Amino acid sequence: MAKIKRKGESGAAKNYVTRNQALKKLQISLSDFRRLCILKGIYPREPLNKKRANKGSSAPATFYYHKDIQYLLHEPLLVKFREHKSFAKKLARALGRGEWALAKNLEDAKPVARLDHLVKERYPTFTLALQDLQDPLNLVHLFSTLPTNPIPGKTLVPSSVIAECSRLISEWKVWAIRTNSLRKIFLGVKGIYYECEVPGQGGESVKVRWLEGYEFQQHVPTDVDFRILLTFLDLYRTLISFTLFKLYTEENLVYPPPLDVELDEKGESVGAFRLVEKKDNLGVESSKVSKKAVRKAIRGIKASTGDVDADVEMDEDEQAGNEEDDEEFVERPTKSGEEVEDVATAPLTTYNSLLATSSNAASTSKQNLLFSPYTFYLSRETSSRTWEFVIRAMGGKIITSLNSPTPSDDSITHVIIDRPITVERMREMENGRKWTWIQPQWVADCVNRQKIISSEGYHPGQLLPPHLSPWDGEGELDRPWLEDQQNAAITAAQEEADQEEDVIEQDAPEEDESEDEKDEEEIAGSKYPPALLASSLDPENVSLLHAAELEAEQNGVSYSAFRNQLKEAIKANSKDGSTKSQVGKKGGEEDLRKIMMSNKKAKLYEKMQYSNREKAAEKENLERKRLAIEKRKRKEARA
Amino acid sequence: MAPRNATASSSRAASSSISRPVKSNGNAGPSTIRNKKRAVQEVSEDEDDEDFGAAGSGIDMSDDEDAEEEEDEEDEEEFPEFDSEIEDDNEKDGDGDDETEEEEELDDEESGSESGYNSSDIEAMYGEVDEDDDQEDYSPITSPSSSHKELSTDEKLSKMIAKNSIKPDDSLGTDAKISRAKEGVGRLVPSKLVEGGYKREYDDYEAGYGSESSTEDNPNTVGNIPMEWYDDLPHIGYDVNGRKIFRPAQGDELDKFLSNTEDPAAWTSAEDRLLQQSVQLTDKELDIIRRLERAENPDADYDPYQPTIEWFTGEGNERVMPLSAAPEPKRRFVPSKWEHKKIMKIVKAIREGRITPNKPSAAKPTVYAIWSESDQSNLQHAMYMPAPQLPPPKTIESYNPPEEYLLTEEEKKEWEETDKEDRKIDFLPAKYDSLRLVPGYKNLVQERFERCLDLYLAPRTRKVKLNIDPESLIPKLPAPKELKPFPISTSVAYRHPESSIVRSVSTSPDGLWVATGSEDGIVRVWDLGNGREVWKWDLKNGAIQHLSFSPYKDECLLIALVSGKIAVLSPVALVSPSVAANTLTHANTAFASSAATTKIGAGKDIKGVESIKWVRPNENERERGVLVYVEVPGTPKQVSWHRKGDYFATVASDASNKSVLIHQLSKHSTQSPFKKLPGQVQKVIFHPSKPHFFVATQRYIRQYDLSSQTLVRTLQSGVKWISSVDLHPRGDNLIIGSYDKKLAWFDLDLSNKPYKTLRYHTKALRSVVYHPTLPLFASASDDGTIHIFHCTIYQDLMQNPLIVPLKILRGHKITDGIGVLDLSWVSGKPWLVSSGADGEVRLWCS
């Protein structure tokens with residue numbers, strides 16, 4: 001006879017426990033449970049059948065996976081919580097009795113919960129930790145910008161925590177500058193997004209993106225529970241500090257980097273940290289393997305960016321073979337005789353001198369950086385916290401308004417200014433030197449495109465070209481016209497150098513004319529060359545497009561003109577096609593086949609079609625709006 | 001000397017029993033002063049007991065000496081002689097005691113060397129205290145022992161003895177009164193009862209104020225009784241000697257009044273109940289009354305605010321009541337040797353610098369290398385679900401987006417009106433001319449907080465993201481153009497006058513004629529090819545419910561149903577003479593055999609078919625082609641021919657158990673196959689090859705074997721209301737149409753449940769028909785469309801039939817919510833004839 005199956009002994013009833021059951025099992029308070037869940041990364045589950053999981057009751061409940069709770073049972077933190085509870089009781093008792101000496105003794109022997117094991121447990125590999133670094137960086141940055149004098153009833157964040165947060169975020173940036181790993185930057189409404197490429201375990205690079213709000217006092221809503229945030233912050237601080245330790249060690253730097261108090265008080269953000277290289281050879285040897293990995297990672301990055309000349313790579317490949325070169329790659333201290341543990345006595349390198357010192361070691365990579373040849377002057381209204389970081393990370397030198405209230409250095413090549421300024425004043429300040437005056441967005445756009453773009457359109461007081469997200473995700477609109485504008489701007493800028501600036505003026509009437517002629521063109525479709533026509537019929541086909549381009553080249557048509565032609569042809573065809581499709585009833589056949597779909601598939605199909613339609617509608621809406629705006633602008637220009 | 005020895009030994013025993021606590025007293029710590037006192041008290045009491053025992057036993061032996069001594073002693077001292085004796089004994093047996101003393105000292109030395117304390121110091125200290133105590137408290141008692149000083153060679157011993165002689169009560173003067181008796185107040189008188197014994201006599205007590213007898217000055221002795229018992233008597237009671245006390249003279253009321261008014265002291269007098277006379281109250285008594293009136297303490301001398309005398313509380317007054325008489329153990333007041341050893345060890349370690357006090361414990365470094373290159377993630381577990389990352393920002397979030405991303409006024413309004421949770425984007429897109437104009441984002445903290453909440457509160461489930469082309473979900477079917485021919489478009493329309501609804505349509509088996517039955521009650525026969533009306537007959541009995549040509553090709557028989565009647569028609573003029581002859585013979589043979597114009601149903605033996613009559617129409621009608629009328633109960637709704645064209649079955653409404661009838665044309669007979677019907681029968685149909693009969697009720701289709709008269713199977717349609725049924729010409733597949741828009745295909749070899757249920761019409765299905773020869777079927781619906789399907793049925797039983805939708809035929813107009821009503825395939829050709837509620841019959845050709 002088969003074993004009798006009893007209710008509630010297997011399946012969902014066994015696999016899930018409600019929150020209250022978990023509390024009872026763990027014998028802790030709800031707040032302790034919350035803290036434990038946050039730190040251990042345990043989250044509720046949604047059972048497939050709630051009623052079955054709740055043993056027949058359909059009352060609303062939060063379910064946890066039974067084994068998660070089982071793991072919590074022997075969590076060392078749980079013991080610490082209990083210790084802390086009894087400590088709090090003892091301390092309260094001592095204070096209540098006025099036994100100050102006892103209270104002090106207790107306070108000295110306060111149980112401290114450490115989260116190291118959790119970091120290792122939750123992120124078994126370094127790569128996993130990096131992949132989950134977005135939230136920690138966001139939160140730590142947010143806390144670093146909270147007011148340090150706690151507002152009663154609102155924030156009760158100790159100032160030490162805030163200080164630590166700002167230290168961590170600065171250390172992270174210092175590392176990013178040192179390794180030049182900044183890849184993308186996006187100026188959003190919510191703040192500034194940055195993306196760094198960080199070498200993970202075994203050299204695989206992980207992209208870490210984080211958001212920094214603008215430098216204003218944070219609005220703290222009343223319904224935000226800071227206890228939850230602080231619990232998260234505890235874990236995140238630990239995680240970030242361990243991550244930074246690893247990253248700094250890979251770079252053969254001492255972590256934590258000592259802070260130059262003087263510079264810090266002067267208002268230097270990232271420059272206040274001094275990077276100290278490690279002295280002991282033991283550390284170098286132990287991290288030899290990882291060094292290779294790092295270099296591999298760097299090479300990988302270069303390959304992906306593609307703007308590194310091949311011979312440098314070749315050189316590095318040759319070096320990769322022998323160990324001695326490896327040793328060279330590791331920045332070995334000049335005097336290795338004495339073991340200098342003390343950070344204070346070690347030779348300090350500030351960031352300003354770092355570029356020079358590190359140039360001999362990693363010169364090849366440095367020279368290829370975007371802003372290496374330039375020196376930027378930051379006007380006082382620009383955020384030095386942002387731009388100093390970005391420019392340094394891209395290899396540029398920087399002179400802030402902190403150092404000199406007015407730009408006077410001869411090495412300056414670019415002035416970043418964010419306020420309108422007259423040309424006379426500009427010339428006056430230049431004093432015969434040739435500076436490029438730009439708005440901050442130029443820097444961001446350069447970083448995102450990985451090339452120095454023309455400063456045309458970015459001059460102070462000018463209306464800036466739109467700033468686009470570097471993460472072309474789903475639902476992003478193709479903007480070929482923007483490329484065109486950019487190209488036009490570049491060519492215009494080139495021509496401007498030797499000619500007058502009437503090129504743009506010429507462009508505009510041409511467009512108008514083509515608009516007027518459109519009706520005629522549509523009728524006479526045969527006026528397009530055959531390859532262009534074929535490409536316009538199937539705009540997605542790359543090979544056809546290529547053929548059309550070749551044809552245009554043969555005919556001696558310029559690229560922009562070709563684009564215009566192609567666009568018109570596509571438009572004309574689409575109009576024809578829409579009428580044709582109505583007549584041809586291609587959809588009718590598909591409708592019939594759909595009859596034979598099973599119910600399940602039919603529903604799925606309908607869902608997919610719905611979402612596709614939504615996306616298409618959104619896109620169409622954007623396109624419609626764009627055309628309307630263009631039309632209006634043209635009209636305004638004409639008037 | 002023997003008796004003396006005896007006493008000595010007994011007293012020695014006493015002393016030895018005492019000596020231990022005394023010895024221990026010497027070593028008492030500072031905190032045990034009180035204990036020591038208590039111990040002393042105990043000891044002295046014990047001693048008393050022993051003394052009594054000793055006195056009892058040794059009275060006669062110590063008669064002279066002791067008595068003499070006793071006389072010398074002071075009276076207060078009870079039994080001083082024993083004390084002195086003990087002292088004597090102690091003196092005599094000094095050696096033994098000294099030994100113990102020496103031992104004690106040795107012990108002290110030992111303990112001192114180990115514990116680091118000098119016990120003698122302590123003893124000296126307490127010794128002083130003891131001396132003080134002695135002088136203050138015990139001196140009157142200790143002084144009488146005259147021999148004490150002579151014998152005080154050993155200081156400690158004498159002190160000890162002095163302590164032993166302390167009377168506990170004396171130390172606390174308050175108890176003096178209680179212990180008066182013990183102090184020997186009273187005289188010793190030779191006892192009369194015991195010879196040579198003494199007894200103590202005490203003085204009488206003088207009863208003072210407060211004693212009960214002092215207030216007994218009342219001469220009347222009657223006691224506390226109701227005095228009215230003596231009302232009738234001349235006396236009021238008796239005095240101590242038993243003489244009557246006579247009632248005192250009492251004046252009348254006037255005298256009383258006068259005395260009250262005249263005597264100034266009258267109001268301070270009270271009536272003595274026992275003596276029956278008024279008594280003047282004394283000043284003291286009046287004072288008591290006054291005090292009572294004021295709710296004060298009646299005692300004038302009582303001082304409510306007198307200083308508290310702390311008898312039992314406060315410093316020095318604690319009384320320790322021992323729960324056991326066991327002597328205080330040494331460990332209570334001697335510091336622990338082992339603790340001391342341990343402490344000394346620690347002290348030594350500290351001195352040598354091995355231990356640093358208050359040194360912070362060596363903690364782990366705050367950060368260290370936690371990850372190595374050899375780490376391996378073991379997170380392939382099915383339940384491991386990392387939190388999803390925040391998506392990257394899109395261009396719409398830019399501080400300077402392309403203008404088309406900005407919301408229009410309507411969109412902005414819509415955004416503001418939607419709930420916070422339902423918004424597609426959580427911010428309003430904005431365009432700023434320069435970066436310095438961008439304000440701080442207000443919701444940053446809130447967003448971070450919500451993200452945190454999501455991380456630990458939101459349940460996570462794994463969602464499979466289908467990355468498939470939606471088109472791949474559509475089944476792969478052969479293209480319709482590969483499956484030609486099938487009807488595509490209307491080629492002929494047969495128009496009815498006044499657009500009367502055409503309920504039924506049927507094509508002749510030779511494919512030349514189309515018969516239609518419309519609601520105006522006229523059966524029309526049209527030329528299929530050109531749409532010309534060639535024959536018509538008005539049945540004059542309401543709408544034509546249904547009509548059908550016989551499938552037998554050599555005859556041209558048409559059955560039309562009207563209310564209460566089945567008409568067997570034949571457009572004989574249209575058909576070839578041979579066919580016409582066949583038809584007439586078939587229909588009329590039975591009339592010839594019965595030789596009667598009217599024939600009652602042949603199945604007379606079958607109960608319940610009596611009301612069915614086969615009627616021969618008149619000559620005129622017969623010439624036009626009306627062959628037979630069959631009168632049936634109710635309104636017949638459907639007729640279904642057997643393949644051979646002799647039998648046909650009808651379904652009628654409102655005919656109870658006679659709604660399903662099977663008629664035989666050649667014999668003019670009618671049978672009612674069911675005594676009781678399983679429900680409201682919708683349609684019936686003959687099996688093309690077997691003697692089987694299908695009956696469709698509202699939800700089920702039952703297959704009966706007519707020859708064995710059994711139910712073969714019941715098909716569960718799964719639809720709500722079956723409207724139409726058709727059987728595949730091969731007889732193993734069946735389709736039904738339903739009023740709830742579904743078409744169900746049954747594979748009779750496969751299951752009792754539909755192989756496929758299709759739902760593609762938007763309104764109720766009216767008719768479903770298989771093509772008699774080609775692999776086609778069609779369905780007509782109230783939505784005005786006709787769907788044409790291809791259906792291949794394979795010989796292989798394992799292969800499912802292939803159903804391919806081919807075409808939607810549109811053309812019929814919907815009138816009063818009714819679209820296409822009936823369909824009929826043209827035999828041998830892929831043509832379809834359909835009739836609609838718009839009064840049109842259409843021929844659809846390929």
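Two residues are taken to be in contact if their C-beta atoms, placed from the backbone, lie within 7 Å. In this predicted model, B:Ile736 touches B:Ala696, B:Ile701, B:Ser717, B:Val719, B:Ile722, B:Ser724, B:Val725, B:Ala744 and B:Val768, with residues up to four places away in sequence left out of the count. B:Ile736 belongs to the largest nonpolar core, which has 110 residues. Together with B:Ile559, B:Ala560, B:Ala567 and B:Val568, B:Ile736 touches the most other members of that core. A second, separate core comprises 102 residues, including A:Tyr123, A:Val157, A:Val447 and B:Val438. In soluble globular proteins, nonpolar side chains tend to be buried together.

Strand β35 of chain B spans residues 831-836. Because 6 of its 6 residues are buried, β35(B) is largely enclosed by the rest of the structure. In a regular strand the side chains alternate between the two faces of the sheet. For β35(B), both faces are covered: B:Trp831, B:Val833 and B:Ser835 are buried on one side, and B:Leu832, B:Ser834 and B:Gly836 are buried on the other.

β35(B) pairs with two strands of chain B. Strand β34 (residues 820-826) runs antiparallel to β35(B) and is joined to it by 6 bridges, with B:Val820 opposite B:Gly836. The hairpin of β34(B) and β35(B) has 4 residues between the strands, and B:Gly828 adopts a positive phi near 85° there. Strand β36 (residues 840-845) also pairs with β35(B) in the antiparallel sense, over 4 bridges; in this pairing B:Val833 stands opposite B:Leu843. Between β35(B) and β36(B) the hairpin has 3 residues, and B:Gly839 takes a positive phi near 80°.

How values were computed
Residues numbered from 1 in each chain as written. Chains lettered and ligands numbered in written order. Predicted model: local features only at pLDDT ≥ 70, side-chain atom pairs only at ≥ 80, totals over all residues. Buried ≥ 20, exposed ≤ 12 C-beta atoms within 10 Å, placed from the backbone. Pairing = 2+ DSSP bridges. Core = buried A, V, L, I, M, F, W, Y, C linked by C-beta atoms within 7 Å.
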